[in-house]
Amino acid sequence: QVQLVESGGGLVQPGGSLRLSCAASGRAFSTNTMSWFHQAPGKEREFVAVGNWIGRTGLRTYYADSVKGRFTIFTNTAKNAVYLQMNSLKPEDTAVYYCAAAKSCSGNGCYVESSYDSWGQGTQVTVSS
């Protein structure tokens, strides 16, 4: 498994930006598929973004339709960290955001919780005026 610790959540006004960070330790970083999920109050946890490694440093990314064009997932291999840059935030983005790691996944399998064996504790993001 991988130990994951998120940070960077907070309160932001609509239209604002936040960057979430997830520090990873344990299993070799570049062997993991890294993703972000979120869980809004009263709802199930949902896929947000995933990064699949291309070689040792490249990243192929996919996003939920609701965040496409506004959110970006990227990594820093020197820091064993994955980030989620969130721009043009909307009130409906309010949720607890979780970082997750999987040994491997492909296609639609990367969009479901059961593909991931490691989770962070979550960080709250609130978008409100």
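Colleague: Why is N80 called partly exposed?

Modeller: N80 has a relative accessible area of 30%. Buried means under 20%, exposed means over 50%, and partly exposed is what lies in between, computed with a 1.4 Å probe on protein chains only. The value for N80 falls in between, so N80 is partly exposed. Please note that this is a predicted model, in which local features need pLDDT of at least 70 and side-chain atom pairs count only at pLDDT 80 or more, while totals for chains, interfaces and linings use all residues. Residues are numbered from 1 along each chain as its sequence is written, and side-chain values use heavy atoms, with hydrogens and water left out.

Colleague: Where does N80 lie, and what is its phi?

Modeller: N80 is in the loop between β7 (71-76) and β8; strands are DSSP runs of E with at least two residues, numbered from the N terminus. The phi of N80 is near 50°, a positive value in a residue that is not glycine. S88 also has a positive phi, about 50°, and is not a glycine. S88 belongs to the loop between β8 and β9 (95-102), and its relative accessible area of 42% makes it partly exposed.

Colleague: What makes D93 buried?

Modeller: The relative accessibility of D93 is 3%, which is under the limit for buried, and D93 therefore counts as buried. D93 is located in the loop between β8 and β9. Its side chain reaches the backbone nitrogen of K90 at 2.7 Å.

Colleague: How do you know that Q85 and R19 make a polar contact?

Modeller: Their side chains come to 2.7 Å. A polar contact is a pair of N or O atoms within 3.5 Å; within protein, one must be able to donate a hydrogen and the other to accept it, and residues adjacent in sequence count only if both atoms are side-chain atoms. The distance between Q85 and R19 is within that limit, so the pair qualifies. Q85 itself sits in strand β8 (residues 81-86) and, with a relative accessible area of 15%, is buried.

Colleague: How many aromatic pairs does a search of the whole structure find?

Modeller: The search finds 6 aromatic pairs.

Colleague: Why is the pair of F37 and F47 called edge-to-face?

Modeller: The ring centres of F37 and F47 are 5.9 Å apart and the planes stand at 80°, so this pair is edge-to-face. Rings of Phe, Tyr and Trp (its six-membered ring) pair if their centres lie within 6.5 Å, and planes under 30 degrees apart count as stacked, over 60 as edge-to-face and the rest as tilted. F37 belongs to strand β4 (residues 33-39) and F47 to strand β5 (residues 46-54), so the pair ties together parts that are 10 residues apart in sequence. Both F37 and F47 are buried.

Colleague: What makes Y116 and W119 an edge-to-face pair?

Modeller: The centres of Y116 and W119 are 6.0 Å apart, and their planes form an angle of 65°. The distance is within the pairing limit and the angle is over the edge-to-face limit, so the label applies. Y116 is in the loop between β9 and β10 (118-119). Y116 is buried at a relative accessible area of 7%, whereas W119 is partly exposed at 25%. Together, F37, F47, Y111, Y116 and W119 form one aromatic cluster.

Colleague: How do you know that the charged end of R45 sits over the ring of W119?

Modeller: The charged end of R45 is 3.9 Å from the centre of the W119 ring. The term requires NZ of Lys or CZ of Arg within 6 Å of the ring centre and within 35 degrees of the ring normal.

Colleague: Which residues line the largest pocket?

Modeller: The lining consists of H38, A40, K43, E46, S66, V67, R70, K90, E92, D93, T94 and A95. By class, it has 3 nonpolar, 3 polar and 6 charged residues.

Note on methods: 1 Å grid on protein atoms, 1.4 Å probe; cavity = no way out; pocket = protein on both sides within 12 Å on 5 of 7 lines; lining within 4 Å. Nonpolar A, V, L, I, M, F, W, Y, C, P; charged D, E, K, R; others polar. Helix = DSSP H or I, 4+ residues; strand = E, 2+ residues; numbered from the N terminus.
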